[in-house]
Amino acid sequence: MAQQILNLETIENTVRDERHAPGFFRRLARSRTALVSLTFIIAIMLAALIGPLIYGVDPTHTDFTSINAPPSLAHPFGTDRLGHDTLARLFAALRVSLLVAAVVETINILVGAPLGLLAGYFGGGIDILISRLADMFFAFPGLLLAILVAAVFGQAVTEQYGSTARLVLVAGSLSLVGWPLMARYVRGQVLSLRERDFVLAARAIGQSQRGILQRHILPNVAGLVITAATLDVVNAIVGEATLSLLGLGIQAPATSIGKMIVEATPFLAQNPFLVFVPSITLTLLVLAFSFLGDGMRRAFDPTGR
Amino acid sequence: MLRFFTRRGISMVFVLFSLTFLTFMIGHLAPGDPILVLMGPRQDTETYAHLRHLYGLDQPLLTQYINYVALLVRGDFGLSFSYEGRTVRELIAQGLPISFGVGGLALLVSLIVGVPLGMFAALRDGTLADRGLVALALGLYSIPSFVLIPLIWMANLAIFRAGYPNLPQAGWGTPSHIVLPVLVLAAANVGYITQLTRASMLEVLRDDYVRTARAKGLLERTVIVRHVLRNALLPLITLLGPTTAFLVTGAFVVEVLFNIPGIGRIAVEAVGRRDYPVIQGTTVILGIAVVIMNLISDLLYHVFDPRIQLTE
């Protein structure tokens, strides 16, 4: 040990070993449920993207010969009260729901992670400022803030900017309540990373603050961010569905999984299939993302439970 | 102790400030004019100016906010925009007991069902029963309430069609109206509590003092009741805060779908009618409820386990 020459190369090599990436996928693969969930999610995403092309039925096409029909050869999942094919609508709904979830998580990551990083690394005044800001949003129980924002600005946004803007608004309002949690996780991780040997070593050899943040802290936080985002997808999907329940989510003619369920519920007695198809899809999605996120969490912390 | 309460007090004030400030700003930056909505078909400038003055909307934003907080501290939540003439306080007072009743009952039911199930699962760790229960708990926890509600409605309908006495699908008034909403609210909670109790008990069962108790020759039952239970159930107390927050959000969906005149439904309707005083009032009340529950759970935790430090 005493013979080791301390140069930049040696230290860089030590630092590189601290990254989780190499062992991560192996550990993730050990959990069967996580793998099954991942496969399911990828399958669903492919279905949402390619499905409409293969299946070819227009979700807005009304088939008056079968209203509220149970599954048949022509309509594998049945039809709704206006004669729309349920399977086609399901594809469209999946696209929207997954897109909303993706946007929510992107905003969460782009806003929450850097803020948490700054707060955790620099501490002091910046930390207090950012933490208080996060707490302000955290103060709202559950989806209250999202409901408020979506309700207040929803109509005007849709009228002025169209339904894509509405989607962004819905995603934005959901991420308003989601980013503080992400920031908090990242901050906690950075706080513990800050005192680790490889960071102290990097500082000792004179690496710049920015360099440390970029090359040492960030890669080690990335894993936590992705895991937290995966687990939060569940909240995003259910949150969007709750907003749709209150009429504040995606507006017609677009549809989302939550909207499908909500619209179908009044017709429960006549056409139970219409409710159960999106409901089961939603539940499966929730389970899949939960298991995947859980598997990721355990893969990142080999010492954990 | 005093330090704890001072810090908590400051943090509570900050939370309330955030709630009122953000809600206020969002409400007042909103497009649309609530006075116009309130006036309806009668559109004349005199009434408009008068109403504007009555609601204090002709003053600068910050002044409005300060006035609002000043009144709030005295318990005056202002007048409702859409329910002509009624005070927000009145509306909240109407809905709050109902929501608390349903929520409290749901919490009780979920504890009564969840804790024994969790204990049962922990004691039979690894067996089919245990794994079945874990799967059931996970299922209950994952199903969103608006998925569970149609399921329950279907079951209820089937019971009705089979000729057996059934529960009302929705509405409010008789004791039987409470059953389904409480069931739905409790369901997800049961999943969570079962998982938590099971995990907590498993941890405790591995502890040294349990081995000692067994080595002493005590009956398994005595070991469980006197040593394991007390320590395993402790983490449940920390649940009070987050559970209240969850019940608050759950209340929205349940009250809207079951048509229950609780504070959740009032808030939702107010949101639809752009009734900002009501929205602000309900947000503040619900926020206060969550904060108080967090405080109680922290205090209780300290009471039951003095090792836990109160100061953060």
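Helix α4(B) is followed by B:G75, whose phi is positive, near 90°; helices here are DSSP runs (H or I, at least four residues), numbered from the N terminus. The model is predicted, so that local features need pLDDT of at least 70 and side-chain atom pairs count only at pLDDT 80 or more, whereas totals for chains, interfaces and linings use all residues. Residues are numbered from 1 along each chain as its sequence is written, and chains are lettered from A in the order in which they are written. The 13 residues of α4 of chain B (61-73) should span 18 Å at 1.5 Å a residue, and the end C-alpha atoms of this helix are 19 Å apart, which agrees; the expected span is 1.5 Å times one less than the number of residues.

In chain B, the axes of α5 (residues 88-123) and α8 (residues 176-205) come within 6 Å and cross at roughly 35°. Axes are lines fitted to C-alpha atoms over the stretch in contact, with angles from 0 to 180 degrees between N-to-C directions.

Between the chains, 33 residues of chain A are in contact with 31 residues of chain B (C-beta atoms, placed from the backbone, within 7 Å). Helices α5 (124-138), α6 (144-161), α9 (209-245), α10 (257-264) and α11 (272-300) of chain A each supply at least two residues of the side that touches chain B. Leaving aside neighbours within four places in sequence, A:I261 is in contact with A:A241, A:V275, A:P278, A:S279, A:L282, B:F146 and B:V147.

Technical notes:
Two residues are in contact if their C-beta atoms, placed from the backbone, lie within 7 Å.
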